[in-house]
Amino acid sequence: MSTDRVIAVANLKGGVGKTTTVLNLAGFAATAGRRVLVVDTDPQGSLTQILLPEAGLAAKTLTEAFRERAQSLDGFRQPSALPGVDLVPATLGLDAVLQGAAAWTGREYVLLEMLAPHLAAREYDLVLIDCRPAIDLSVTNALTAARWMLVPAECSFMALDGYEYVQTLARQIQQRINPQLTLLGILPTRYRGGTGHAQAALEEIERQVAAVRPPLRFVPVRLAVAAADAPAYKTSLAQFAPASGVGQDYRAATEQILTFLDGGGR
Ligand SMILES: Nc1ncnc2c1ncn2[C@@H]1O[C@H](COP(=O)(O)OP(=O)(O)OP(=O)(O)O)[C@@H](O)[C@H]1O
Ligand SMILES: [Mg+2]
């Protein structure tokens, strides 16, 4: 069983584009013929609301999977509104289950345990875990189940605020639980060219990337209304506006990630 194709998309700062990034990486990877699984670990369920088909829930959710300490995702995953993308949905009830789980033995490993048989069987080319903006058991589980952490950082004032916290958390998890966990890259998001503060933020991000040298360096994802519109149609930029600037940005990021993973993560 290998977590080599599992990426947690995390940042402790809210609204920086985590869910948008999961949605569009999944969309472009599936369009390229890859088998994709997305796991919503945010009890707010933003990704679930976007990707749940009109027909609604066809299975149980991560909430029940956690409550039952499931040993596989069978019965907890379903086809999403994006062709080629499976979804493990989240509901608000997940929060109560997580609180109850605080005393469980091995509580950090619940998500990894349910993913394990599917990773062993190589059912997916890409597994993306959407995280909530917090330090809690849901994020710890995501970073325990992932080989890679991708941090979207908004190109605005204090761009690296949340990154620093999530890196500290990742380092603790790496030391105590998941030695393989590695920063894949920092993805600059919501970039508005021509504005001074966006440029300053991008330079701050680039300085950090130069200092920590993650395996991937990304061009910034532009701020564009298409990125905010696609979810309203239960779709990603790969279907909604693949030729738009922001679509091209996410397509490029997806190709970089897949090429890197296909090369064995080296
Ligand atoms: N490149 C972009 N251009 C325009 N709007 C964007 C872009 N990226 C994200 N957005 C919008 O910004 C808002 C926040 O994005 P998103 O929900 O992906 O952030 P998040 O980090 O997942 O938030 P949370 O921390 O609440 O989970 C959303 O309304 C989204 O549609
Ligand atoms: Mg989100």
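The model described here is predicted.

Seven strands make up an open sheet with mixed pairing, and their order is β3-β4-β2-β5-β1-β6-β7. The edge strands, each of which pairs on one side only, are β3 (78-79) and β7 (182-189). Helix α6 (residues 137-145) packs on this sheet, where α6 touches β1, β5 and β6, and the direction of α6 makes about 150° with that of β1. Strand β6 runs parallel to β7, the two being paired over seven bridges, and Val151 stands opposite Ile186 in β7.

| Strand | Residues |
|---|---|
| β1 | 6-9 |
| β5 | 126-130 |
| β6 | 148-154 |

In soluble globular proteins, nonpolar side chains tend to be buried together. In this model the largest nonpolar core has 85 residues, among which Ile7, Ala26, Val38, Ile129, Ala146 and Met149 touch the most other members. Helix α1 (residues 18-31) gives the most to this core, contributing seven residues. Which residues does Met149 touch, not counting those up to four places away in sequence? Met149 is in contact with Ala8, Ala10, Leu143, Ala170, Leu181, Leu183 and Leu184 when such sequence neighbours are left aside.

Technical notes
Residues numbered from 1 in each chain as written. Chains lettered and ligands numbered in written order. Predicted model: local features only at pLDDT ≥ 70, side-chain atom pairs only at ≥ 80, totals over all residues. Core = buried A, V, L, I, M, F, W, Y, C linked by C-beta atoms within 7 Å. Buried ≥ 20, exposed ≤ 12 C-beta atoms within 10 Å, placed from the backbone. Helix = DSSP H or I, 4+ residues; strand = E, 2+ residues; numbered from the N terminus. Contact = placed C-beta atoms within 7 Å. Pairing = 2+ DSSP bridges. Axes fitted to C-alpha atoms, helices over the stretch in contact; angles between N-to-C directions.
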